[in-house]
Amino acid sequence: MRIPATSCLCPFLVCLCFIQRCCAASYHVPAKVPSRNQTRLANGGPEVHHRPKRGWIWNQFFVLEEHLGPETQYVGKLHSNSDKGDGSVRYILSGDGAGTIFIIDEVTGDIHAVKSLDRESKTHYVLHAQALDRNTEEALEPKSEFIIKVQDINDNAPTFTGGPFDATVPEMSELGTSVLQVTASDADDPTYGNSARIVYSILQGQPYFSVDPKTGIIRTALSDMDREAREHFTVVIQAKDMAGQVGGLSGSTTINITLTDVNDNPPMFPQKNYQLYVPESAQVGKAVGKIKANDKDLGINADIKYSIINSEGANMFSISTERDTREGVISLKKPLNYERKKTYTLTIEGTNTHMDPRFTYMGSFKDIATLKITVGDVDEAPVFSIDHYIMDVYENSPSGTEVGSVTARDPDGRNSPVRYFLDSKEEGVRCFRIDETSGLIRTTQPLDREDVSWHNITVMASEVDSPSLLGHVPVTVQVLDVNDNPPEIATDEEVIVCESSRPGQLIQTVAAVDKDDFANGQRFSFALPSLLPVNPNFTLKDNQDSTASIVARRRRFDHLTQDLYRLAVVVWDGGEPSLSGTSTLTLRVCPCQSHGRVRMCQGEAFLSSAGLSTGALIAILLCIVILLAIVVLFVTLRRSKKEPLIISEEDVRENVVTYDDEGGGEEDTEAFDIIALRNPAAAEELKFRRDVRPDGRKHCGGRHCRRNASTEPDEPDVHGFIRQRLAEADMDTGGPPYDSLQTYAYEGQGSPTGSVSPLDTPATQSEQDYNYLDNWGPEFHKLAELYAEADSEAAT
């Protein structure tokens, strides 16, 4: 019969409550005294101060979590020694959960929990208790702090975080090899009881794996587990609290374990003997067959290296490993010949490339198979005796001259007759023909080495019975040289002769060329024609080194008298038979500098010596013409400008002098008009002549005049003065056709400073006080002083 765990805890809790109440009764102290820190003697003596005793009766309280009963859970009792049991003491509770989770009886001090508590959410509560006099509300005891701890019960099962898990372990591992460690957590109190004490066990995965009950480490339970037999395992691990006892809570997780591969299997050929048919026409270097050994391992553990270990097969064939399929690819190293050898035997070995020394006891990890190759007979094209023919023939040989012959045979056992012909697609075939039976090659026309020195042709051969099978061979024909070209002078340029040449002076050295080819180098000799009379101007000297020197025979030449001379030169080569050629040189007479350099000749020679082409000369001349045109245009424009009519520096009417406006508000439109320069008569009333100053003394009465409201009646006299001067200028026949004006711009009537024109300056002494200029700033102080001094001098 099972007894619930709560039934075991109830007697324990009853005992705790009984001990708590007994302790509370044993700690009562005397009732409240008049003062907490003073004691009055019975005989009326003086008061004695002493350390007060603690009057609270309390202890640490406990309450069970997850209480599901219909009534509130009793927690404990608070009692003060001032409480006489008459209800005069009132108990107050404050702090965590006071009034909501925990309530207290104000009279008895009993504390109850009204809600179900969860220790995993909050492990303890800190509260404060206080005893007050019910009548006076005075504190009978200091406020006291106590703790209510939530007592744990086993209400949380162990859990695994992050599952399910994946793990690997090498196959063939030893017994007890660690695979993975799993850890479960329990939210219950690990310091109280066995609620959080976990024990691990395996529910699924035996007998292959086991788990340590305390640490949760999963280990192999069998040795030499073979991946090739079984690769994947599913293991279920359980974690149970209460140390695995009956009634404990549990949780589980799944671990997927995979065995990883090791090289514990050797390669194996499916069969020991293989056969392969290869035609004799197979190309060298090409694959002719494949062979494969099987390996149960994976990855690099299954890599295989193939090799041919017998000499007969290794001489004719090679084998390599294809990476993706791990097959052995057999290739041909030399041409096959059915008539010579009809079969080959290959001994092929397959070996693992990555060995594991732990499994060497299992064998050498290699296998051997035998491959028999049968060579197939194929009708082959004729084969020439050599791979390349080189022949030669002299140039200018008559048509039909023999060049050489080629030979081909049928490689098959029938030895069929062969016929020859030339490849008509090649360009040089028109110069040769071949006898289709004998293979003799002849020329069809005389050959010229100086035109083409080498001819490349292709000769083809086919069997008479099988004309579709063709054999090819390249033939190179060299054309040998004969002395059939006379030599000639190498240069076609004119020879320059200086006018200042002296007898015996070297004019120029010439050389010869010959199109023929001489094995030991060309040798030339030079001379003047013997049939011509002696040249009085020049002679020729053979230098015996295949060059000749032209030498002057008389003193001085004159290009004005004769500028061109002709000189014929005969050149002999050193061939057999020797050939000669006559070349005529052109000699041009030109003035020369002191060191023999040409200073000036005809335009073409001079320009050629300068290295200028015709296009460059045209460009230079065009640029010069454009520059001259620009200069002429500029000079013409300069001359077309009008000269000033008044050129006298003493004429005061030479310039029109103007002053910039100083601003007059809205009256600026009455300022100086540029029309006055074009039509001075139209602006006679606004402008004043500056070359003749009007006599203003008779109007102003002084040296200075100012234009203001008081001087307005004199303004018509000034206008009359200007008209008079204008009439005089118009009647002056010796003056320019227009007046030259010097004017002041009109400043406007709104200017606070008035006009600064000397025409408006009053002739009488001004009574103006210039002290107001001081208000304009320190820069006007000097101006005020100057005006004051001028007025004082005028008054004097």
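These exercises work through a predicted model.

**Exercise 1. Where is Ala 131 placed, and is Ala 131 buried or exposed?**

Step 1. Find the element: Ala 131 sits in strand β10, which spans residues 124-133.
Step 2. Read the relative accessible area, which is 0% for Ala 131.
Step 3. Apply the cut-off: buried means under 20%. Ala 131 is therefore buried.
Step 4. Compare sequence with space. Ala 131 and Ile 92 are 39 residues apart in sequence, and their C-alpha atoms are 6.5 Å apart.

**Exercise 2. Which parts of the chain does the salt bridge between Arg 442 and Glu 402 tie together?**

Step 1. The closest N and O atoms of Arg 442 and Glu 402 are 3.2 Å apart. The cut-off for a salt bridge is within 4 Å, so the pair counts as one.
Step 2. Arg 442 belongs to strand β34 and Glu 402 to strand β30, so the bridge ties together parts that are 40 residues apart in sequence.
Step 3. Check accessibility: Arg 442, at 26%, is partly exposed, and Glu 402, at 47%, is also partly exposed.

**Exercise 3. Where do Glu 494 and Arg 588 lie, and is each one buried or partly exposed?**

Step 1. The side chains of Glu 494 and Arg 588 form a salt bridge, with 2.6 Å from N to O.
Step 2. Glu 494 lies in the loop between β37 and β38, while Arg 588 lies in strand β44, 94 residues apart.
Step 3. Glu 494 has 36% relative accessibility and is partly exposed. Arg 588, at 9%, is buried.

**Exercise 4. Which residues make the nonpolar surface patch of about 380 Å²?**

Step 1. The patch is made by Ile 620, Leu 621, Ile 624 and Leu 628.
Step 2. Leu 628 is in helix α4, residues 614-640.
Step 3. Exposed means over 50%. Leu 628 has 54% relative accessibility and therefore counts as exposed.

Methods: Residues numbered from 1 in each chain as written. Predicted model: local features only at pLDDT ≥ 70, side-chain atom pairs only at ≥ 80, totals over all residues. Heavy atoms only, no water. Helix = DSSP H or I, 4+ residues; strand = E, 2+ residues; numbered from the N terminus. Buried < 20%, exposed > 50% of the residue type's maximum accessible area, 1.4 Å probe, protein only. Patch = residues over 30% accessible without salt bridge, like charges linked within 9 Å, V, L, I, M, F, W, Y side chains within 5 Å. Areas by Shrake-Rupley, 256 points an atom, 1.4 Å probe, with all protein chains shown as cover.
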